[in-house]
Amino acid sequence: EEESWINEKNTLVGSDDYGDTLAAVQGLLKKHEAFETDLEVHRERVQDIEDSGNKLIEKGNHQSELIEHRISSIKSKLQELERMASYRKSKLNDNSAFLQFNW
């Protein structure tokens, strides 16, 4: 479930639409802020998944290698999403400043 959410949001934060008017940029920034709030909830869920997986590994689960791979994969995908989100926010803020300057 978390991987699906991450994959879905990669499309959103990967967009190169930074708004062509000040109103559009402000709307995109509001959406991005809502996304960041949602991202925090999913960060916590990924941490819960990691904790649960590590408990299974500590108990000697016969699928430990697969569990480790799954934890590593989801954490890596989340880190990439966070990186892309940070980049998008920076671009939105830059575009907002530019449009305010031109206004």
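Me: Is Glu1 buried or exposed?
Reply: In this predicted model, Glu1 counts as exposed because its relative accessibility is 76%, and the cut-off for that class is over 50%.

Me: And which residue does Glu1 form a salt bridge with?
Reply: Glu1 pairs with Arg45, and the closest N and O atoms of the two are 4.0 Å apart. The two partners come from distant parts of the chain, with Glu1 in the segment before α1 and Arg45 in helix α2, which spans residues 22-58, so that 44 residues separate them.

Me: What about Arg45, how accessible is that one?
Reply: Arg45 has a relative accessibility of 35% and therefore counts as partly exposed.

Me: How many salt bridges are there in the whole structure?
Reply: The search of the whole structure finds 10. One of them joins Glu82 and Arg43, whose side chains meet at 2.4 Å, N to O. Because Glu82 lies in helix α3 and Arg43 in helix α2, that pair ties together parts that are 39 residues apart in sequence.

Me: Which residues do salt bridges with shared partners join into one network?
Reply: Glu1, Glu2 and Arg45 are joined into one network in that way.

Me: Switching to Lys9, where is it found?
Reply: Lys9 is in helix α1, and it is buried, with a relative accessible area of 17%.

Me: Which residue does Lys9 form a salt bridge with?
Reply: Lys9 forms a salt bridge with Glu8, and the closest N and O atoms of that pair are 3.7 Å apart.

Me: And what is Lys9 in contact with, leaving aside neighbours within four places in sequence?
Reply: With those neighbours left aside, Lys9 is in contact with Phe35, Asp38 and Leu81.

Me: On to packing, then. How do α1 and α3 cross?
Reply: Helix α1 covers residues 2-13 and helix α3 covers residues 64-102, and their axes come within 10 Å of each other and cross at roughly 25°. That angle makes α1 roughly parallel to α3, and α1 passes α3 in a left-handed crossing.

Me: Which residues make that contact?
Reply: From α1 the contact uses Glu2, Glu3, Trp5, Ile6, Asn7, Lys9, Asn10, Leu12 and Val13, while α3 contributes Arg70, Ser73, Ile74, Lys77, Leu78, Leu81, Met84, Ala85 and Arg88. Sorted by class, the residues of the contact of α1 with α3 are nine nonpolar, three polar and six charged.

Me: How do α1 and α2 pack?
Reply: α1 and α2 pack at an angle of about 150°, with their axes 11 Å apart. That makes α1 roughly antiparallel to α2, and α1 passes α2 in a left-handed crossing.

Me: What meets what in α1 and α2?
Reply: On the α1 side there are Glu2, Trp5, Lys9, Leu12 and Val13, and they meet His32, Phe35, Asp38, Leu39, His42, Arg45, Val46 and Ile49 in α2. The residues of the contact of α1 with α2 divide into seven nonpolar, two polar and four charged.

Me: Last pair: how do the axes of α2 and α3 cross?
Reply: The axes of α2 and α3 come within 10 Å and cross at roughly 165°, and the two helices are therefore roughly antiparallel to each other. α2 passes α3 in a left-handed crossing.

Me: And what is the contact of α2 with α3 by class?
Reply: The contact of α2 with α3 has 18 nonpolar residues, along with eight polar and eight charged ones.

Terms used: Residues are numbered from 1 along each chain as its sequence is written. This is a predicted model: local features need pLDDT of at least 70, side-chain atom pairs count only at pLDDT 80 or more; totals for chains, interfaces and linings use all residues. Side-chain values use heavy atoms; hydrogens and water are left out. Axes are lines fitted to C-alpha atoms, for helices over the stretch in contact, and angles run from 0 to 180 degrees between N-to-C directions. Helices (H or I, at least four residues) and strands (E, at least two) are DSSP runs, numbered from the N terminus. Angles under 35 degrees count as roughly parallel, over 145 as roughly antiparallel, 65 to 115 as roughly perpendicular and the rest as oblique. A crossing is left-handed if the near helix is turned anticlockwise from the far one by less than a right angle, and right-handed if clockwise. Contact means heavy atoms within 4.5 Å. Ala, Val, Leu, Ile, Met, Phe, Trp, Tyr, Cys and Pro count as nonpolar, Asp, Glu, Lys and Arg as charged, and the others, Gly among them, as polar. Buried means under 20% relative accessible area, exposed over 50%, partly exposed in between (1.4 Å probe, protein chains only).
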